[in-house]
Amino acid sequence: MSSLNKSSFLKIFISYLPIIILFFSVFNEFDFNYLNLDYFAFNFVHLLIFFWTLRNPDLLGYFLIFLAGIINDVVIGIPIGISSLCYLILCSVTAYIRNITLTPNFIKDWISLLFTLLLINSIQVIILDLIFLIKVEYINYLINTGFTFIFYPIFFVIFNFLNEKISYQTND
Amino acid sequence: MATGRDDFVIAIRSAFLKKKDKQKFSLLTLIFVSIFVIVLSNFNFKIIQYLKLGINEIIYRSSYIASVPENKIREIVSDIRSHLNIYENHQKILIKNENIEQTKLLNNFLTAENKKLRKLIDESISSEEIFAKVLIDKDSPYLKSVILNKGTKDNVKIGMAVIDEVYLVGQIIEVNYTNSRALLLSDLNSKIPSVLEPDDIQAVVSGAGSNFGTIEHTQEDYKESLENKVVIAYTSGLGGLFKPGIPIGKIDIGSNGKIRFFSDFTQLNYVKILSFKVGGEK
């Protein structure tokens with residue numbers, strides 16, 4: 001009985017893991033987006049949302065992503081709604097890719113990630129710089145986009161492993 | 001051709017409007033809500049302000065709690081490092097102490113002289129300090145700021161100077177009921193009226209988005225006049241925002257006008273929020 005309870009708890013926990021990681025990343029002070037290193041930063045949240053909404057969208061609800069964006073904006077201190085919009089645009093691209101592809105292809109996903117990152121970072125810069133008149137360092141955005149793109153394969157392997165575990169646990 | 005366009009339209013429509021089994025909202029709805037929130041946050045309506053304050057209060061507190069384990073680990077690592085470097089640090093402190101003793105004697109005399117001179121021109125400066133704890137220092141490449149645990153209930157106001165020991169670290173830019181946000185000097189949007197000593201040159205210290213600052217709006221040839229000198233930047237007090245004479249940073253010889261801030265913004269735990277009064281001002 002106890003092992004049954006334990007296994008059902010594990011099943012629930014593991015199926016909520018992407019959400020937990022997402023909220024932990026936006027709430028926590030530790031941020032891959034700012035490691036205090038010169039010319040190195042990547043956006044972990046973008047990678048997380050891109051992978052999970054592409055490969056297993058049932059685990060990461062759009063409303064929760066919207067909420068995570070609001071929290072991220074408040075914690076970072078930029079006007080509320082900007083991150084949410086960027087995260088949801090990322091979701092739109094993944095939803096579109098899911099609709100047009102029958103068999104997932106890693107390379108195609110990876111290249112579309114680059115275009116999406118360029119698009120959402122451009123939108124963020126335009127909103128911050130031109131509408132809210134908050135000065136931003138363009139080079140930081142470019143570096144961030146570059147490293148986020150480069151790091152996708154590493155996180156793809158990790159998330160894919162986790163996705164398989166989740167599928168195995170939930171189908172068990 | 002027409003079929004290809006139809007496929008594209010169907011794919012787009014499906015991506016934006018179709019809800020999957022576990023999705024409660026369609027993407028399009030949420031995108032519109034996000035845009036609506038961005039537009040609303042651009043207005044300064046009372047209701048929106050209160051809503052913003054409420055969200056800030058909840059999220060700052062939650063973020064502080066979520067960061068507790070990480071802060072503990074950071075503390076332990078810092079303690080271990082400090083123990084390992086204990087001998088080296090002790091030697092450095094001994095030398096520093098000797099220098100401080102000498103400077104202190106000179107400083108006492110200058111302070112007394114300064115007080116006397118201010119009395120002569122009938123200008124006295126009094127200041128009040130509010131001690132605050134840094135709740136969150138989640139830096140981002142876009143906005144360098146920290147959250148402090150003092151807000152309107154402790155009489156914190158927008159524009160107040162934030163000080164680490166005696167050094168300026170930033171200014172308050174957002175105040176909630178129990179907490180506030182301070183913009184650090186290193187942020188691109190930070191502009192502090194300052195005076196460059198020893199040559200008494202007025203300038204603006206601007207953040208560079210990195211760990212140093214730059215000098216702006218000053219004499220064209222200031223670099224030549226300060227060549228081969230170590231220059232210290234202090235707040236000038238112009239504009240009435242900051243108390244004059246708070247040390248900001250140092251321009252080293254050959255640093256090409258880059259200001260090295262005295263305070264290490266990554267190590268802020270407790271700070272002082274400073275308000276001041278000049279002469280008989282209320």
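Let's start with helix α6 of chain A, residues 106–131: its 26 residues reach 36 Å from first C-alpha to last, close to the 38 Å expected at 1.5 Å a residue. Keep in mind that this is a predicted model. Over in chain B there are six helices and 12 strands, and six of the strands close into a barrel. The largest nonpolar core has 87 residues.

- Back on α6(A), the buried residues are L113(A), T116(A), L117(A), I120(A), N121(A) and I127(A).
- Just past the end of α6(A), L133(A) takes a positive phi of about 55 degrees.
- Chain B has its own helix to check, α5, which covers residues 86–120 and has 35 residues. At 1.5 Å a residue it should span 51 Å, and the end C-alpha atoms sit 48 Å apart, which agrees.
- That helix, α5(B), is hardly covered: the count of buried residues in it is zero.

**The core**

- Within the largest nonpolar core, the residues with the most contacts are I49(A), I65(A), L88(A), C91(A), L148(B) and I248(B).
- Helix α5 of chain A (residues 82–100) gives the largest share of this core, with 10 residues.
- Domain 1 (26–66) and domain 3 (130–282) of chain B both supply residues to the core, so it lies between them.
- As a general point, nonpolar side chains tend to be buried together in soluble globular proteins.
- Take L148(B) and skip its neighbours within four places in sequence: its contacts are then A132(B), K133(B), V134(B), L135(B), N179(B), S180(B), A182(B), V271(B) and I273(B).

**Chain B overall**

- Of the 282 residues in chain B, 27% are buried.
- Among chain B contacts with a separation of 6 or more, 53% are between residues 24 or more positions apart.

**The barrel, strand by strand**

- The order around the barrel in chain B is β6-β7-β8-β11-β10-β9, with antiparallel pairing.
- On average, neighbouring strands of this sheet are turned by 40 degrees against each other, direction ignored.
- β6 (residues 191–197) and β7 (residues 201–207) of chain B run antiparallel and are joined by six bridges; P193(B) has V204(B) as its bridge partner in β7(B).
- The β6(B)–β7(B) hairpin has three residues between the strands, and D200(B) there takes a positive phi near 55 degrees.
- Next come β7(B) and β8(B), paired antiparallel over four bridges, where S206(B) finds its bridge partner in T214(B).
- The β7(B)–β8(B) hairpin has four residues between the strands, and G209(B) takes a positive phi near 80 degrees.
- β8 (residues 212–216) and β11 (residues 258–261) of chain B pair in the antiparallel sense over three bridges, with R260(B) as the bridge partner of F212(B).

**β9(B) and its two partners**

- On one side, four bridges join β9(B) to β6(B), running antiparallel, and A233(B) is the bridge partner of L196(B).
- Another four bridges join β9(B) to β10 (residues 247–251) of chain B, again antiparallel; Y234(B) stands opposite P247(B).
- Which residues of β9(B) are on the covered face and which on the uncovered one? V231(B), A233(B) and T235(B) are on the covered face, while I232(B) and Y234(B) are on the uncovered one.
- In a regular strand, side chains alternate between the two faces of the sheet.

Technical notes: Residues numbered from 1 in each chain as written. Chains lettered and ligands numbered in written order. Predicted model: local features only at pLDDT ≥ 70, side-chain atom pairs only at ≥ 80, totals over all residues. Helix = DSSP H or I, 4+ residues; strand = E, 2+ residues; numbered from the N terminus. Buried ≥ 20, exposed ≤ 12 C-beta atoms within 10 Å, placed from the backbone. Contact = placed C-beta atoms within 7 Å. Core = buried A, V, L, I, M, F, W, Y, C linked by C-beta atoms within 7 Å. Domains from an automatic or database assignment. Expected span 1.5 Å × (residues − 1). Pairing = 2+ DSSP bridges. Axes fitted to C-alpha atoms, helices over the stretch in contact; angles between N-to-C directions.
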